[in-house]
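Reader: I would like to learn how to read a model like this one. Could you walk me through it?

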Protein chains: 2
Amino acid sequence: MATTDDPAWLRTVADEVRQLDRSSTSERVADVLRRRITEGDLRPGTRLSEEQLVAVLRVSRNTLREAFRLLTHEGLLVHLLHRGVFVPELDEADRVDLYRLRRTIECDVLRSLQGKLDAVRLRPLHDDVAAGESAAARGDWVAVGTANMRFHQHLVALAGSRRTDEVTARLLAELRLVFHAVASPQRLHEPYVRRNRALLDLLVAGDAEGAAKELGEYLHDSEAELLDAVRSRHASGAR
Amino acid sequence: MATTDDPAWLRTVADEVRQLDRSSTSERVADVLRRRITEGDLRPGTRLSEEQLVAVLRVSRNTLREAFRLLTHEGLLVHLLHRGVFVPELDEADRVDLYRLRRTIECDVLRSLQGKLDAVRLRPLHDDVAAGESAAARGDWVAVGTANMRFHQHLVALAGSRRTDEVTARLLAELRLVFHAVASPQRLHEPYVRRNRALLDLLVAGDAEGAAKELGEYLHDSEAELLDAVRSRHASGAR
DNA sequence: AGTAGAGTTTCGTTGAACAATCCTGCAAGG
DNA sequence: CCTTGCAGGATTGTTCAACGAAACTCTACT
């Protein structure tokens with residue numbers, strides 16, 4: 001019975017098929033809107049009109065509403081009864097909340113990694129750091145931000161926990177919402193190109209505990225920087 | 001301008017209104033199904049037929065599907081394209097995954113609580129422990145399980161983090177799914193009536209660090225117990 | 001035995017319709 | 001001048017009926 005061997009590649013094939021199957025109309029609509037939101041084309045506070053989107057996307061209202069529901073549960077939209085869906089405006093409490101959970105999860109992942117480090121598993125992290133450095137060199141700070149997010153997603157993936165990955169994906173998506181509310185992406189992302197590299201070096205050296213400690217300070221600094229950036233933007237009169 | 005003062009009670013009023021607004025049809029349908037699933041009336045593996053439920057619940061298919069979507073994102077249903085929605089069957093990998101994230105979050109909450117303990121904030125925990133002891137005394141092990149879940153939810157709530165609360169709610173809901181897959185609820189829940197009380201005592205004494213340590217062992221034991229219970233059930237030939 | 005195909009069932013999506021709610025602007029009153 | 005009350009229009013919430021598409025089942029064939 002050669003079909004029951006279940007070698008590694010069979011699982012990956014199954015995953016790929018699942019990716020293809022994932023193409024229900026509402027999920028594809030959600031993909032489009034998700035990109036628009038995370039890329040910053042739809043700014044926080046914007047209302048998404050059903051009528052308007054139905055006309056543009058060429059889907060029925062029911063399908064669109066199902067896409068709304070998907071994004072709402074990812075935290076990328078908020079739904080107000082009889083008033084419609086909006087791109088959420090996160091306040092300072094939300095921002096510290098995001099960082100709190102982020103620090104909990106990411107640091108715990110690194111701490112639980114004691115000795116389980118493997119060269120090939122760090123490959124995605126190498127790629128992300130390189131992508132960040134390359135983007136920084138050409139001054140594309142939005143791309144730096146994207147590479148940074150991917151770095152942290154891959155960092156968490158080292159734990160091999162499906163639910164942790166999902167929670168992290170949601171956290172990082174919401175975080176991008178906040179990033180779009182600040183003026184200078186450079187100030188926000190540039191320092192972490194270097195720190196990501198340092199973090200990765202610690203992991204390569206097998207010092208998971210040291211990496212966890214460094215990540216704790218890293219996120220602490222990042223939070224302070226973000227809060228400060230948003231505050232100064234508000235103070236300068238921008239809405 | 002007396003209306004812009006924004007005193008404390010205005011915020012609570014806003015919250016109450018939001019609670020009232022929550023009564024859309026799809027959410028009420030979701031409430032009904034959620035109860036059925038968490039109480040164990042709908043066993044893992046069951047398929048929920050749209051046609052059938054539409055007839056029973058007297059709602060339209062679209063509304064029912066929106067309720068499905070809600071529960072899917074809570075982890076209480078899984079959606080397979082063109083095949084329908086099912087009560088998920090969690091495997092052993094899921095079970096250890098659940099406990100991994102649970103341990104991360106709950107322990108971190110306690111650790112971050114250093115010195116911030118307040119008598120009134122522990123009130124819900126007292127109530128839950130009492131409810132568990134009372135239910136145990138009369139042998140109602142399902143009620144013990146419910147009180148136990150509420151205890152942990154309230155424990156996490158001490159951190160005051162909205163997102164942490166949400167993640168925990170999802171985790172505990174999924175956990176109940178697993179509980180229904182074992183034969184003896186007593187063996188699963190009884191030991192923790194006492195341990196919840198011990199945990200609460202540590203918190204009352206202000207020993208957050210000690211409580212975090214105890215909780216770590218607590219969850220470790222609970223996980224081992226659960227895995228063992230499910231394994232023995234499978235070994236005994238039950239499906 | 002294993003496979004190919006037709007038929008049945010169920011889901012995915014659409015479009016239209018009506019009810020309920022919200023928002024806007026204007027008029028009346030303090 | 002500001003607040004309050006009341007249309008009217010605009011938008012969302014919910015339902016219904018229908019058709020195409022995918023998955024499952026069972027039979028018949030090689």
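Author: Gladly! Let us begin with the order of elements: along the sequence, chain A runs α-α-β-α-α-β-β-α-α-α-α-α-α. That gives ten helices and three strands in chain A. Do keep in mind that this is a predicted model.

Reader: What share of the residues in chain A is buried?

Author: Of the 239 residues in chain A, 30% are buried. As for contacts in chain A with a separation of 6 or more, 71% join residues 24 or more positions apart.

Reader: And how should I describe a pair of packed helices?

Author: In general, two packed helices are described by the angle between their axes and by the distance between the axes. Here, take helix H5 (residues 92-111) and helix H8 (residues 162-179), both of chain A: their axes come within 10 Å and cross at roughly 145°. The crossing of H5(A) and H8(A) is left-handed.

Reader: Which residues make the contact between H5(A) and H8(A)?

Author: H5(A) contributes Arg95(A), Leu98(A), Leu101(A), Arg102(A), Ile105(A) and Val109(A). From H8(A) come Thr164(A), Val167(A), Thr168(A), Leu171(A), Glu174(A), Leu175(A) and Val178(A). By class, the residues of this contact are eight nonpolar, two polar and three charged.

Reader: Now the DNA. How many residues surround DNA strand D, and which are the closest?

Author: There are 16 around DNA strand D, the closest being Glu50(A), Thr25(B), Ser60(B), Asn62(B) and Thr63(B). Two or more residues each come from helix H3 (50-57) of chain A and from helix H2 (25-38) and helix H4 (61-72) of chain B. The surface near DNA strand D has two nonpolar, eleven polar and three charged residues.

Methods:
Residues are numbered from 1 along each chain as its sequence is written. Chains are lettered from A and ligands numbered from 1 in the order in which they are written. This is a predicted model: local features need pLDDT of at least 70, side-chain atom pairs count only at pLDDT 80 or more; totals for chains, interfaces and linings use all residues. Axes are lines fitted to C-alpha atoms, for helices over the stretch in contact, and angles run from 0 to 180 degrees between N-to-C directions. Helices (H or I, at least four residues) and strands (E, at least two) are DSSP runs, numbered from the N terminus. A crossing is left-handed if the near helix is turned anticlockwise from the far one by less than a right angle, and right-handed if clockwise. Two residues are in contact if their C-beta atoms, placed from the backbone, lie within 7 Å. Ala, Val, Leu, Ile, Met, Phe, Trp, Tyr, Cys and Pro count as nonpolar, Asp, Glu, Lys and Arg as charged, and the others, Gly among them, as polar. A residue is near a molecule or strand if its C-beta atom, placed from the backbone, lies within 6 Å of it. A residue is buried if 20 or more other C-beta atoms lie within 10 Å of its own, exposed if 12 or fewer, and partly exposed in between; C-beta atoms are placed from the backbone.
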